[in-house]
Amino acid sequence: MNDKTQTLTFTQQVDAPVEQLYFALTNQPALQTWLCNVAEIDASENGRFYVWWNEGYYASGKFTKVEENKGVSFTWHGLGEPTPTKVEITLKKKDGGTLVTLKHSEVGTGKAWEDTTKEFKEAWTKALTNLQFVMEKGIDKRIYDQPLLGIYPGGFLNEKEAKRLGVPVEKGTWITGIVEGSGAEAAGLQADDVVHEVAGTVIETGFSFAQAVRAYKAGDEVEMIVYRGSEKKSIPVKLSRRPFPEVPPTAKELAKEVEKSYNQLDKELEAIFEGASEEEASKRPAPEEWSAKETLAHLLYTERWAFLAISTAVGGQRGPGFFNHLEQLKALADSYPKVADLIADIKLNEKLTVATLATLPDEIVARKVSYIGLANTFLPLLGLPQHTRSHFPQMQAAIEAAREK
Amino acid sequence: MDKDSKTLKFNRTIQAHADYLYYAFTKKTGWNDWFSEGAEGDALKHKQIFLMWKSGYSAGLQFTHLKENEQLTFTWHGSEDTHPTEVNVYFQEQGEETEVVVDHRRVSADRVEYITKLWEEGLRNLQSVFEEGRDRRIYDRPMFGVMIKDMVTPEMAKEKNLPADHGMLLGETLKGMGAYASGLTGGDLIVEVSGVKIENYASIEKVIGPAKPGDIVEMLYYRGDEKRVAQVELTLRSLPEIPPTAQGFSEKLSEIYQSANAKIDEVTEGITETQAEYRRKPGEWNSKEVFAHLIANERDMYSWAGTLVQGNESYGWLDHLPARLKSIQLVFPQIPDLRHELQSVQREGVGFIAELPGEFVSRKSSYVRLANSFFFAIPMHYKDHIGQIQDNLAAFQGVS
C-alpha cells in the first residue's frame, strides 16, 4: 500500500468582496449556483457537507473548520475514491477583490489515485473559474455555456399527451414556443412538434437536453428526431450561443419589467376563459386530467411558490418544495366558488410579487449570485411567464373538451 | 484496513408487501419514515440519496444496482467512517410478509458497534412502522416534555437580550410530563442538561440518545436573569389515536381547527386595529403578524404534506419571513380579513386531507407520520400563538 499523499493547490482571484465569497461557500443555494447541482450543508463545526452532481458523482463529509469571512475546511468522501480526503478553502482580501485558495490534501498517490487526481485537478479548476464568473456576472457558466437549441419545451409525454398530439411515441417533449433567431426557428420547428430525440439521446426529463448537447458547442449541428402528428422527421438543427440574460440593474426597473410581462399574461389568460361557464371550466377532460380551473389553481400555486423564492433569495434559505397533486389542486380550486375569484387571486399574487421586487434591499441587488437568479425567475426569457404560457393550450383544450360533451 | 473490516448481516420479517418496503429504501420520504431524520435525493431517478440524523451523523448513498421489489445495492459514505462501505438489501416476499435482509460489507472494526446499532434499531422500527403504524423514534423516545421555540444563537441572544448565548428557549411545557411537573414553563432558557451544554439539536441527542424513560436529568436554566436548577424526569409522550381513514383524519383535523378558531374568536373579540398593530417590544410580532404567520404556517404545512405524498418531502418552512408576513397583510389588511383567510386555508387543508390517495393511506408509514405531526403540532402551535396575542393585548392594556 502506498501511504504517500499529495496536496493539490488552486488559486483564483475574484472581483468581489470577501463577505460575498464567504456566503457563496457557506450558503446552500449559493453553493448550487457555482459548484454542484444539489448541496445539503450545515456550515458549522462538525456540520454536514454533501454536494451532488447530476452526472452521478457526489462527495459527503463534514465541516472541520468554519471561520467567518476567512474560510472553511471540510472532509471529502468522494464516490469511488479509496479513502476520504480534506479540502481547505481560504479567502484573502487582495487588489480590491478576493484571492481564493483551495487546498485538496491527503490525496493518495500511485495507480489507485491516478484518475481521481486528474479529475480533482480538472474539476476544481473549472469550479473556481465558474465561481469567478458567478460572483462577477451573476450567471452560472455551466448553464450559460450550454449551447441552445432554441425551443421552449412543454411537458414530457405520457400516453394521454401522445394521444392528444397524435404522435406514435410516448417519450419526448412538445414544443410550446421557438426562440427568435435560433437554429430551431431556421429549421422550421413549430409549436406542438414533439421532440423525441436530440443527438441520439431520447428526451425523457429536463436533464435530457443538457445530457444530449454536453459534447457540443454553439455552431455545431445536431440531429433531432421530431414528430409532427404521426409524421416522423429527422432534422439537423444548428446550436446557437445562449443569449446573455439582460437583467435590469435596479430593483425598480426589474419590477417594472415583470409587471409588463404579467399584464400581457393576464390578458391572454382572461381571453381563454372568456365565455366559458363555471361548469365548463370545472370539467375534467378525463378522470385524471386537470380541469381548466384546476390548471388555474396550479398557476396560483406556482405564483405563491415564486413569491416565496423572493423571500428565500433574500434570506439565503433553501427554496420551498413543489408539488402538483390532483387532490391538492382540487382542494384549492374548490375553495374558490368562481373562476373569476381564482383569477383575481392570481393577479393579487402577481401584484405582491411586483411590489416586493420593487423594494428588494440594496444588498440583495448587489449580491449578484442571488439577484440575477431571482430576476430570471420572473423574466420572460427563462422564468415563470414561459411556464404560465405553456399551460394555456391545456386550459383551452380542457374547456373545448367540456363544450363538446 | 481490509483485514480488520467486517461484514454485518441483519434480517427481519415484516408483515408488508415488498413494494412498500422497496419504497422505504428508495424514496427520501420512504427513508425518513423509519430510518433517517432528513434526506435528499432519489434512488430511482438519480441513483443517489443522502441521509441525515440529528446526532450529526450522515451518509451518502450511491445505488449501483436496483431490482424492483427484490434487491438493491449501494455504497455508503458515512460521515464518521474511514472508508466507503457497501450495502446489499434483499426483499423476499412470501404471502403477506416480506423478509428484509441487510448485508453491510467492509465495515471497519471501530465502526461495527455504531453501524450495528443503526441497522438493528432501524429495522425494528421499520417493522413497527409498517405493522403497527408506530414510529418508535417518537413513541419510545424519552422526553423532557418541552416545546422548543428557538435554539439560541449568539446573534439571537444579542437581539433578544437573553441571559445566555446558547440553549433552548421554551415555547411551553407539556402537562403531565417531566418539565411541567418540575415547574418549568414557556420562556425559560435551558442552557445545560446533565452536564451537556445545549447548543443545537445534536446536543439534545447526546442527552436523550442513551437515556431511558424514568431517568432523571439535571437542568440548568434561566428564568429571566435568574439562574435555576431543576431535576426533570424523562417520560414517554402520550400520543393521540390515529384515524385509519383519510375521512376520519380530515374530520379530526376539522375539530382541531374549530376549537382553535373558537379560542381565537374569544381572545380577539372586539379587538381594534390599533390593538392588533401594537408591538410589545422590538423584534416581537404584533397580533396581525401573528395571524399572518398562522396563515403562512398553514400553507407551508400543506405544501410539506403535498411533497410527502409525492415521496420527495421538502422542508421549506418559511413562515417567519418578514417579507412574507408583510405581504400577507397587504392582501388581508384587517383582522376580519386575516381571520377569514386563515379559515379558508384551513378548509382547503381539511379538503386535501379528505382526498389523500388510498395508496398513501394504506402504506401507513408516511400517513402516520403526517397524522402524528399534525395532531401534535397544530393544537400546540395555535395555543402558543394565541397566548402571544393575549400577551400583546394585556401589554396594550398596561400602556393605554
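Reader: What distance lies between the C-alpha centres of domain 1 of chain A and domain 3 of chain A?

Author: This is a predicted model, in which local features need pLDDT of at least 70 and side-chain atom pairs count only at pLDDT 80 or more, while totals for chains, interfaces and linings use all residues. Residues are numbered from 1 along each chain as its sequence is written; chains are lettered from A and ligands numbered from 1 in the order in which they are written. Chain A is divided into domain 1 (5-138), domain 2 (151-238) and domain 3 (251-404), with bounds from an automatic or database domain assignment. The C-alpha centres of domain 1 and domain 3 of chain A lie apart by 36 Å.

Reader: How many residues does each of these two domains of chain A bring to the contact?

Author: Two residues are in contact if their C-beta atoms, placed from the backbone, lie within 7 Å. Domain 1 of chain A brings 12 residues, and domain 3 of chain A brings 9 residues.

Reader: Which helix gives the most to the side of domain 1 of chain A that touches domain 3 of chain A?

Author: Helices (H or I, at least four residues) and strands (E, at least two) are DSSP runs, numbered from the N terminus. Helix H1 (18-26), helix H2 (28-34) and helix H3 (114-137) of chain A each supply at least two residues to this side. With 4 residues, the most comes from H2(A).

Reader: How many residues of that side of domain 1 of chain A are charged?

Author: Ala, Val, Leu, Ile, Met, Phe, Trp, Tyr, Cys and Pro count as nonpolar, Asp, Glu, Lys and Arg as charged, and the others, Gly among them, as polar. The side of domain 1 of chain A that touches domain 3 of chain A has 6 nonpolar and 5 polar residues, and its charged count is 1.

Reader: What distance lies between the C-alpha centres of domain 1 and domain 3 of chain B?

Author: The assignment for chain B gives domain 1 (2-135), domain 2 (146-233) and domain 3 (246-399). Between the C-alpha centres of domain 1 and domain 3 of chain B lie 35 Å.

Reader: Which helix gives the largest share of the side of domain 1 of chain B that touches domain 3 of chain B?

Author: The contact takes 15 residues from domain 1 of chain B and 10 residues from domain 3 of chain B. On the domain 1 side, the elements with two or more residues are H1, helix H2 (28-34) and H3 of chain B. The largest share, 6 residues, is that of H2(B).

Reader: How many residues of chain A are charged on the side that touches chain B?

Author: Here 37 residues of chain A are in contact with 38 residues of chain B. Two or more residues of the chain A side come from each of strand E2 (38-41), strand E3 (48-52), strand E4 (58-67), helix H10 (292-315), helix H11 (326-334) and helix H12 (339-358) of chain A. By class, this side has 14 nonpolar and 16 polar residues, and the charged count is 7.

Reader: Are H8(B) and H12(B) roughly parallel or roughly antiparallel?

Author: The axes of helix H8 (residues 246-268) and helix H12 (residues 335-354) of chain B come within 8 Å and cross at roughly 170°. Angles under 35 degrees count as roughly parallel, over 145 as roughly antiparallel, 65 to 115 as roughly perpendicular and the rest as oblique. H8(B) and H12(B) are therefore roughly antiparallel.

Reader: How many of the 8 residues of strand E5 of chain A are buried?

Author: A residue is buried if 20 or more other C-beta atoms lie within 10 Å of its own, exposed if 12 or fewer, and partly exposed in between, with C-beta atoms placed from the backbone. Strand E5 (residues 71-78) of chain A is mostly covered, and its buried count is 6.

Reader: Which residue takes a positive phi in the hairpin of E4(A) and E5(A)?

Author: E4(A) and E5(A) pair in the antiparallel sense over 6 bridges. Ala59(A) stands opposite Gly78(A) in E5(A). The hairpin has 3 residues between the strands, and the residue with a positive phi near 60° is Asn69(A).

Note on methods
Axes fitted to C-alpha atoms, helices over the stretch in contact; angles between N-to-C directions. Pairing = 2+ DSSP bridges.
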